[in-house]
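Student: I'd like to learn how the words we use for a structure are tied to numbers. Could you walk me through one?

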Amino acid sequence: MTLHLKKGSSRKSAYDLKNPLDELEETHTLAVLVDNEAGVLARVIGLFSGRGYNIDSLTVAETDAEGHRSRITIVTTGTPAVIEQIKAQLGLIIPVYRVNDLTVEGPSVEREMALLKVAGKGEKRVEAMRLADIFRANVVDSTLESFVFEITGAPEKIDAFTDLMRPLGLCDIARTGVAAMARGI
Amino acid sequence: MSREMTGAQIVVEALKEQGVDTIFGYPGGAVLPIYDAIFQQNDIKHILVRHEQGATHAAEGYARSTGKPGVVLVTSGPGATNVVTGMTDALMDSIPMIVLSGQVPTFMIGNDAFQEADTVGITRPCSKHNWLVKDTADLAETIHQAFHIATSGRPGPVLVDIPKDVQFASAPYKAKAKTSTARYQPQVKGDIEAITRAVEAFEQAERPIIYSGGGVINSGVASSQLLRELVTSSNSPITSTLMGLGAYPASGDNWLGMLGMHGTVEANLAMHGCDFMLCVGARFDDRITGRTDAFSPDSFKVHMDIDPSSINKIIRVDVPIIGDIGHILEDFLKVWKARGRKTKSAAIKKWWSQINEWQARNCLDFTNSDTIIKPQHALQRLEELTKNMDRYITTEVGQHQMWAAQYLNFDDPHRFMTSGGLGTMGYGLPASVGVQVAHPEALVINIAGDASFQMNMQEMATAIQFNLPVKQFILNNERLGMVRQWQQLLHGERYSQSWSESLPDFVKLAEAFGAKGILVSDPADLDEAIKEMLAYDGPVILDCVVEKHENCFPMIPSGKAHNEMILCDEETADAIDAAGKSRV
Ligand SMILES: Cc1ncc(C[n+]2csc(CCOP(=O)(O)OP(=O)(O)O)c2C)c(N)n1
Ligand SMILES: [Mg+2]
């Protein structure tokens with residue numbers, strides 16, 4: 001005998017509050033302030049790999065040498081429930097001081113720096129130089145056959161610049177990942 | 001003035017200051033200085049286990065039965081890798097545990113030195129936090145921090161890795177009082193606004209259920225008292241997870257039995273049909289919820305938990321309350337009383353008559369036999385013969401574990417030690433050793449399976465050495481019973497590797513260890529055998545030969561909802577679909 005009970009839901013049910021858009025993935029930028037102690041980055045990364053979360057971009061550096069604090073900026077993608085879990089799980093890591101979700105906590109700025117090496121001669125070389133000018137990229141190294149451009153901006157701007165450089169002889173690229181900060185005070 | 005000491009002495013001093021009376025451990029090259037310091041003192045008792053995994057489970061048993069943290073001491077390399085299972089177990093079940101491991105000297109780290117392992121790397125995902133101490137001056141403070149972190153907030157295992165040169169070098173001792181714990185202070189008080197909203201919903205509940213878990217027990221005995229007060233004064237039905245058994249007494253009027261995969265019909269149907277659910281220190285584990293999208297579809301859910309990451313992880317709730325269960329329950333009761341202790345008592349009565357109907361199904365009934373011992377019957381007899389004793393129960397993992405949860409009654413917290421979240425076979429025997437160390441005069445019984453028992457049976461020697469009269473009650477079905485059950489139900493009765501071939505003669509095994517062995521296979525002799533076990537002043541292995549093909553019911557197959565329980569063998573045909581098969 002299998003016992004059956006009438007299934008149903010009421011307005012009281014948590015499930016009725018469920019937003020159908022919940023399953024859509026969102027990209028969030030998290031600023032994680034941590035004690036700069038041995039292994040702290042491994043803890044953060046291990047959390048993401050162990051629980052199957054995405055890391056789109058990750059940057060880390062000490063931001064307060066005296067206080068031994070580092071700031072980790074993580075760009076991640078997931079459903080709203082997953083993003084909430086990520087923040088809660090990060091909060092459990094002992095050396096984590098604070099987790100800020102810059103995507104929801106008001107307007108923020110995001111910047112990334114990239115170095116692009118473009119090799120070419122003649123018309124292509126001139127065109128690369130011209131585009132670099134438009135994108136306000138600096139030339140930080142040049143030979144007769146190559147440039148290294150330094151470009152700073154939102155990740156999309158760097159994507160666009162990279163796409164333009166590809167046919168013009170792009171042969172190496174290094175990106176820093178995103179650094180982000182809330183606007184205003 | 002703080003005294004100058006060697007690192008090894010600092011370890012012992014810090015443990016003493018933390019009130020440690022017992023450690024479970026195993027020596028080796030990289031911890032010799034600490035063992036030397038232990039040799040030269042009498043305040044801390046060292047229990048020499050026979051395998052480091054045994055030390056971790058013994059420490060868990062000690063911790064869960066006392067509410068104090070368990071302490072483990074092991075050497076580097078293999079000693080440290082052997083603690084991984086126990087630490088993971090403690091992490092899943094929120095058991096406070098401090099593991100101290102030796103490490104090769106700092107100047108050799110990274111050289112693949114003899115018995116070097118990246119212990120902090122290996123244990124990072126299975127600890128709440130861990131440390132490699134590179135300077136003796138930091139050692140005392142690190143150990144104090146380790147205790148603080150292991151025991152506050154949601155408890156868990158921590159590890160301190162101590163290189164051998166750090167144990168030899170000297171530094172001033174830093175007292176516990178001088179160690180700042182300000183950095184880690186999890187929220188203990190629940191948000192009063194949320195509590196008030198929860199009370200409002202509680203007052204309106206017509207079909208309430210309280211679903212409690214291990215968090216109530218971890219929060220301390222007073223929390224169980226508050227829970228009982230709430231249940232009794234509101235006449236709410238209550239069920240509990242495996243980890244929460246004993247917080248509300250099994251003999252209490254409002255008790256529905258355990259819920260979940262092998263929970264009672266009344267508990268699961270009440271969860272499914274309630275209009276108000278109060279989850280107290282439990283975490284909506286998949287063994288509890290079954291199919292999540294069909295989980296208690298009609299209820300307003302309140303979740304009290306100390307761990308913010310448990311909120312909305314699996315089941316979305318209407319009111320989350322983060323904090324220590326004791327504090328939250330106290331405030332909840334205060335608010336509820338101040339508002340006049342309102343309940344919909346008439347509706348709740350009606351709800352009870354529905355529940356009574358479910359209870360009348362007697363879902364734990366089984367067909368007994370007078371030729372072969374049914375495992376359920378063996379546990380019923382054990383319950384009958386021990387129920388008024390000062391009794392602690394541990395279990396291994398498998399069918400016997402679920403039957404123990406179903407057929408033994410726990411009237412107090414801290415009396416039932418079992419591996420819930422990780423389901424670690426080999427937990428029960430060493431855990432019983434740890435419990436007996438903490439409660440030398442009490443009756444400590446490990447409900448074991450024939451297969452699980454063999455996973456850490458070397459710890460019988462520990463029991464003998466330290467005069468720990470633990471009783472090993474083996475429900476011997478000559479099968480990996482729970483695996484066999486799943487193969488019967490899910491894999492076309494193809495019993496791949498799930499029988500116990502070449503079982504040892506458990507009576508001779510007991511005797512080889514210096515313990516008493518008893519064999520019983522006739523139901524007529526069962527009571528005598530149990531009494532003989534209880535009367536013997538020393539460790540006993542009781543080999544209770546039981547029905548080989550008994551299945552554990554009720555069962556909610558993986559991926560099914562609470563109202564899709566299987567109650568007996570006749571219902572098992574086609575009960576589980578392909579989607580269910582792929583789940584664990
Ligand atoms: C360390 C470990 N390995 C494997 C399993 C999977 N497993 C769960 S129950 C079980 C069989 C247990 O057999 P036994 O101890 O005899 O108990 P029974 O189910 O027969 O009562 C197995 C192999 C486990 N839980 N733990
Ligand atoms: Mg078995």
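**Around the ligand**

Tutor: The shell around ligand 1 divides into seven nonpolar, eight polar and two charged residues. This is a predicted model, where local features need pLDDT of at least 70, side-chain atom pairs count only at pLDDT 80 or more, and totals for chains, interfaces and linings use all residues. Residues are numbered from 1 along each chain as its sequence is written, chains are lettered from A and ligands numbered from 1 in the order in which they are written, and side-chain values use heavy atoms, leaving out hydrogens and water.

Student: What makes a residue nonpolar, charged or polar here?

Tutor: Ala, Val, Leu, Ile, Met, Phe, Trp, Tyr, Cys and Pro count as nonpolar, Asp, Glu, Lys and Arg as charged, and the others, Gly among them, as polar.

Student: Why is the pair between B:Ser452 and ligand 1 called a polar contact?

Tutor: A polar contact is a pair of N or O atoms within 3.5 Å; within protein, one must be able to donate a hydrogen and the other to accept it, and residues adjacent in sequence count only if both atoms are side-chain atoms. A polar side-chain atom of B:Ser452 lies 2.6 Å from an oxygen atom of ligand 1, so the pair qualifies. A backbone N or O atom of B:Gly481 lies 2.7 Å from a ligand 1 oxygen, and for a polar backbone atom of B:Ala451 the distance to an oxygen of ligand 1 is 3.0 Å.

Student: Which residues does B:Phe473 contact, leaving aside neighbours within four places in sequence?

Tutor: Contact means heavy atoms within 4.5 Å. Among the partners of B:Phe473 are B:Ala378, B:Leu382, B:Ile447 and B:Met533.
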